Amino acid sequence: MVLYVLPVSEMHIREPGLVVVDVAAADDVTALAFERMLAGRWATVTAESTTRDPGQPGVRLRCYLDPRQELTAGS
């Protein structure tokens, strides 16, 4: 159960169209696989690792993406 989500501030998103994606997953492999799927489609700033909340199951990951910059096969 996720009890809270970290706040998003203007420092995280400087202009309209950018997205912050918070992922909660059972394990590192699942969270990072989801992040790779996003990065394969859109310009994405990926996380280096997941985090764990003490006393809570699973892992968390935050990444940033720009859906205006869809990747193509040639990029």
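**D66 and its surroundings**

Leaving aside neighbours within four places in sequence, D66 is in contact with G17, L18, W42 and A43, where contact means heavy atoms within 4.5 Å. The model is predicted: local features need pLDDT of at least 70, side-chain atom pairs count only at pLDDT 80 or more, and totals for chains, interfaces and linings use all residues. Residues are numbered from 1 along each chain as its sequence is written, and side-chain values use heavy atoms, with hydrogens and water left out.

**The residue**
- D66 lies in strand β3 (residues 59-70); strands (E, at least two residues) and helices (H or I, at least four) are DSSP runs, numbered from the N terminus.
- D66 has a relative accessible area of 7% and is buried (under 20% relative accessible area, with a 1.4 Å probe and protein chains only).
- At 2.8 Å, the side chains of D66 and R68 make a polar contact (a pair of N or O atoms within 3.5 Å; within protein, one must be able to donate a hydrogen and the other to accept it, and residues adjacent in sequence count only if both atoms are side-chain atoms).

**Strand pairing**
- Strands β1 (residues 19-25) and β3 run antiparallel and are joined by seven bridges; two strands pair if DSSP finds at least two bridges between them.
- V21 has C63 in β3 as its bridge partner.
- Strand β2 (residues 42-45) is also antiparallel to β3, with four bridges.
- V45 has Y64 in β3 as its bridge partner.

**Confidence**
- The protein chain averages a pLDDT of 78, and 73% of the residues score at least 70; pLDDT is the predictor's confidence in each residue, from 0 to 100.
- Mean confidence in the protein chain is lowest in β2, at 81, and highest in helix α1 (residues 28-39), at 91.

Technical notes
Buried means under 20% relative accessible area, exposed over 50%, partly exposed in between (1.4 Å probe, protein chains only).
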